[in-house]
Amino acid sequence: MSSSSVASQITNIGQAVRSRIVSALRKGENFELRSELNSEYRDRRKEAVKRVIANMTVGKDVSGLFTDVLKNMHTDDLEIKKLIYLYLINYAKTKPELVILAINTFVKDTDDSNPLIRALAIRTMGCLRVSEIIDYLCDPLRKCLKDESPYVRKTAAICVAKLYDVAPAVTIENGFLSAVQELLSDANPMVISNAVTALVEINDSTPDQGVFELNPPLVNKLLAALNECTEWGQITILETVAAYVPGSTREAEGVCERVVPRLQHVNGSVVLSAVKVLLRYFGYINNPDMESQLARKMTPPLVTLLSSAPEVQYVALRNINLILQKRPDILSKEMRVFFCKYNDPLYVKYEKLDIMVRLGNEKNFDHLLAELKEYANEVDVDFVRKAIKAIGFCAIKIPGSSEKCINILLDLLATRINYVVQEAVVVIKDIFRKYPNKYEGIIPTLCKSVEIIDEPETKASFIWIIGEYTPRIENADEILEAFMENFGQEDAVVQLQLITAVVKLFLHRPAENQELVLRVLKVATEECDSPDTRDRAYLYWRILSTDPQAANTIVLADKPTITVDSHALPADLLDELLGELCTLASVYHKPPRMFVTADARTEVVSATSLASARQTQRPGSSATPSAAASPRHMTSPPPSSASAPADNDDLLIAL
Amino acid sequence: MLSGFFIFNQKGEILISRLYRHDVKRSAADIFRIHVIANPDVRSPVVTLGPVTYYHVRHENLYLVAATRGNTNAALVFETLYRIGELGVSYFTRFDEESVKNNFALIYELLDEVLDFGYPQNMDPDTLKLYITTEEVKSDRSIQDASSRITMQATGAISWRRNDIKYRKNEAFIDVIESVNLLMSTKGTVLRADVSGQIVMRAYLSGTPECKFGLNDRLLTDQDNGGGGNNASGTGRSGAQRRGGTDASANDTVEIADCKFHQCVRLGKFESERTISFIPPDGEFELMSYRTTENVNLPFRVQPVVTEVGRTRIEYQIQVKANFSPKLYASNVTIRVPTPLNTSGTTIRVTGGRAKYVPAENCIVWKLQRFQGLTENMLTAEAELTSMTVERRWSRPPISMDFNVLMFTSSGLLVRFLKVFEKSNYQSVKWVRYMTKAGSYQIRLAAPSGSVTADEGGKGGQGKVEVS
């Protein structure tokens, strides 16, 4: 640009300052950049381009400099060229008409004798997504797909996927799909893996086109490339092979044999992808010997993943959690490796805790419980509570360990630390449900903690225990009476439990408790806001007034014991998730359709909250009692089995 | 695949933003800043906000963030993020806010190269350094040949090695570096002890050398007896020294639980014959990493006795024994003994080295420059506690230890041989070095109620760690 125009720009600045100071300041920098971009000195132009990109990064609008930036595109300096291309990618959408000015340079670059520049040009053109560019892209792309340099070919393969994303029809018309299919037979492994990547991507966006169909010779070719291509290419190929259904058991065995060495790869995601293939193919090989041999080989690499970076560990642990539910044998002897380190991040600790409990059995529960007790003495509240829950879970899962668990829980009660006591009481209630009439000897000890109990769930649990064991607690009426004082202010769960407990008390000792039961039913029906509470109170009232005998059989009926195997995911969901190993779905333990299609939602969803969302949803979708006993649900307050009428209530709601 | 990649600083300011696909917008970065960086409640490294899923890792004072849509390969995304971090370290030695700001143009260049349409491409720093450099690269004639050669290498089957390397003296250095991890219970029993080792090789070899590498791996030695003649120099000596003079018997093998290899090692061959054969990259690289869990020789044994005297005083008696040959010694031994948060002062006595109370870390740091094998040292200390209005629990962090022991491997691993075959048949010299350092070496402190059981428990653990 001539000096006179620079001068006129300077006067422009003057005018701008006069009109609006704020905008002028912003403009001021752009004007300064513009003059620098047009500087006669190469260094200053280069600096200016860098500053433009820096501004772009922090979100300042530098699109006004489009033409000036473009002028610098004809350069020998690769660094500048790349920065300008970056600028183009960024602003092509808002200034499509100006991108056309750059086309010539691009087309020229695709003919450059340097393969790096050819690849750069074709890579960038693919990212521009401007319809005018597409027409100009076809010829160079065709050439680059057949380029002598594998580097250009592998870039061109991905470019086809980019093109298909904007203009599928053009891609097909120009025969690019078949050109990429041909690249599957390329001599260079990286070209093959990028061609696979491109085809998988295209196939995923339009599955009905059948652009990428696997057949035995092709799978063979891919597996042959597996040894030589980069780790990322290996992942692509393994993912592809995992989705393939082999024609015969022999073919499946062959694939497994060639995939097994990948377990030794240093990249954790290669290892997980290989595990995925093997688990998948277990269904196809009809050979238990080979299957258990392969399973044995998986153990050490999975354990090794635990020494990787915490985030990779987290993904691995979530996956291991799934794998364990399908094949508990793989890590059955390795419980100790899941012991938490003091400085593990919490999200890793939670997963380890869950897996440790899964691996617990009659033989190793001593170690497990010693470890859990250790965790219960730490200071992070959430982690401590999870550890205590785990103790309860262990007691329910492993009958032999219940005695020991109870002792640990009593120790914990003795600490009189608020949150420890809250959780321990809830857990003790669950153990009571599993082993009725076995540990009621500890109730006096439990009662000593009554003044610490302040959380609704804990109160509900405590009241349930009192109600359940009224015949053996002499002062049960006093205890329940004490809770009656604030009846109106209590949570609905507590109110429900209190009503049930008082009715139980009345049925056992009708003579002295008539007044109490009337009072509770009256308060509940007349002064409570919660419809559930009122409903239940009316229900009891009617039963008691019409047929006390029926009340006896209904309220004091035997309760179903709680089970443990429901800790697992439903079989069909588990199988689906095993097919999604290493992916986000396997981290969330949720099928992809649950989170992929969501478009408008903006609320915070993290791995943990998604997992809990899954649990709350499930009871409706599957008939199994699965929701009852995952660690979270296991400890939910007991209304569902507290008494028969309540059970019916809950069933009605669930239906 | 990644739809976008961002780098943030601690404060949540965006330093680098690169979008690879059009399904994620630039504003995604703001959403991440608001909902993750500014929200201390988010603990998970994976967060889905609306349709976009964010993966992040921390590197120094940076957040490296990948934004993706759909059901992406989570393991791959994290590996990629870590690899970008490593790449940064390889290019700028320190990869922090300052170096990102100073080199942002180069970082954009790298990002353009390592990911295409969100799919990871070549991320090997050595290869990338051939054509992405801090110096100005011009596309003139002289380097065009070089470019086509580079691109061949970047995509080729042996992408890690040029074929025109020449050295006057052909040498290979092998470093066996082991990190020994220990988790000892409050009772003094070993909960977990394992070794994660790496074998780092510095190869200065001409041409295209075909290497074969042998260890005292139990599975391999079961297959063929006799490790091969071309023993690496230094192996014998160090082996003898490490064992403190005992002759290395045929049983002296190591059971490797798992191992991982550098890209250059032929995994198929390892699977079928359990031999490690490869064409090495030029210069330094990690040939393999491994893990052993059996017969771990713990170099140090720590016996802590911690007693709380009332509410205002804690007494420590920490005994540390070196469990390796007296001919060897450990250097840079650091033992961190945690103290409660309300410690007001300490009196410390040690039989060796120096110890002082570091209030910022809430621990007594005990340093010994040199710790001879089979000797022991003792720390006795008292910590005075101030009384607190609100009783806060002390989490009793474990005692942790740091050390280096040269010419000692906790796993007992030895390099048996390294054979080099090359067309020109040159002689090569090989060197081996062993070192064991502390990984996560933690000894838990007993809770106050569980009185001092270290003595009795110590015996239980002893059997496990005794050097056979």
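How many salt bridges are counted between chain B and chain A? The count is eight. Keep in mind throughout that this is a predicted model.

**Stop 1: the interface**

Colour chain A and chain B separately. Then select the residues in contact across the boundary: 91 residues come from chain B and 115 residues from chain A. The area buried between chain B and chain A is about 8,800 Å², and carbon and sulfur atoms give 55% of that area. On the chain B side, pick out B:His22, B:Asn71 and B:Arg393, which lose the most area to chain A. Together they make up 8% of what that side buries.

Now look for one of the salt bridges. Select B:Arg83 and A:Glu231, which form such a bridge, with their closest N and O atoms 2.8 Å apart. Polar contacts also join chain B and chain A: 39 residue pairs are counted, both residues being at pLDDT 80 or more.

**Stop 2: the nonpolar cores**

In soluble globular proteins, nonpolar side chains tend to be buried together. The largest nonpolar core here has 264 residues. Select A:Tyr87, A:Leu141 and A:Phe338, the residues with the most contacts inside that core. Stay on A:Tyr87 and show what surrounds this residue. Next, move to B:Val190, B:Phe261, B:Phe278 and B:Tyr441, which are included in a second, separate core of 75 residues.

**Stop 3: the aromatic rings**

Over all chains, the structure holds 29 aromatic pairs. One of them is A:Tyr281 with A:Tyr284, an edge-to-face pair with 5.4 Å from centre to centre and 90° between the planes. A:Tyr284 has a relative accessible area of 26%, so A:Tyr284 is partly exposed.

**Stop 4: lysines over rings**

Finish with two lysines. In chain A, A:Lys349 lies over the face of A:Tyr342, at 5.7 Å from the ring centre. In chain B, B:Lys129 lies over the face of B:Tyr91, at 5.6 Å from the ring centre.

Technical notes
Residues numbered from 1 in each chain as written. Chains lettered and ligands numbered in written order. Predicted model: local features only at pLDDT ≥ 70, side-chain atom pairs only at ≥ 80, totals over all residues. Heavy atoms only, no water. Phe/Tyr/Trp six-rings, centres within 6.5 Å; stacked < 30°, edge-to-face > 60°. Buried < 20%, exposed > 50% of the residue type's maximum accessible area, 1.4 Å probe, protein only. Lys NZ or Arg CZ within 6 Å of the ring centre and 35° of its normal. Core = buried A, V, L, I, M, F, W, Y, C linked by side-chain atoms within 4.5 Å. Contact = heavy atoms within 4.5 Å. Buried area = accessible area lost by both parts, 1.4 Å probe. Salt bridge = Lys/Arg side-chain N within 4 Å of Asp/Glu carboxyl O. Polar contact = N/O pair within 3.5 Å; in protein donor to acceptor, adjacent residues only side chain to side chain.
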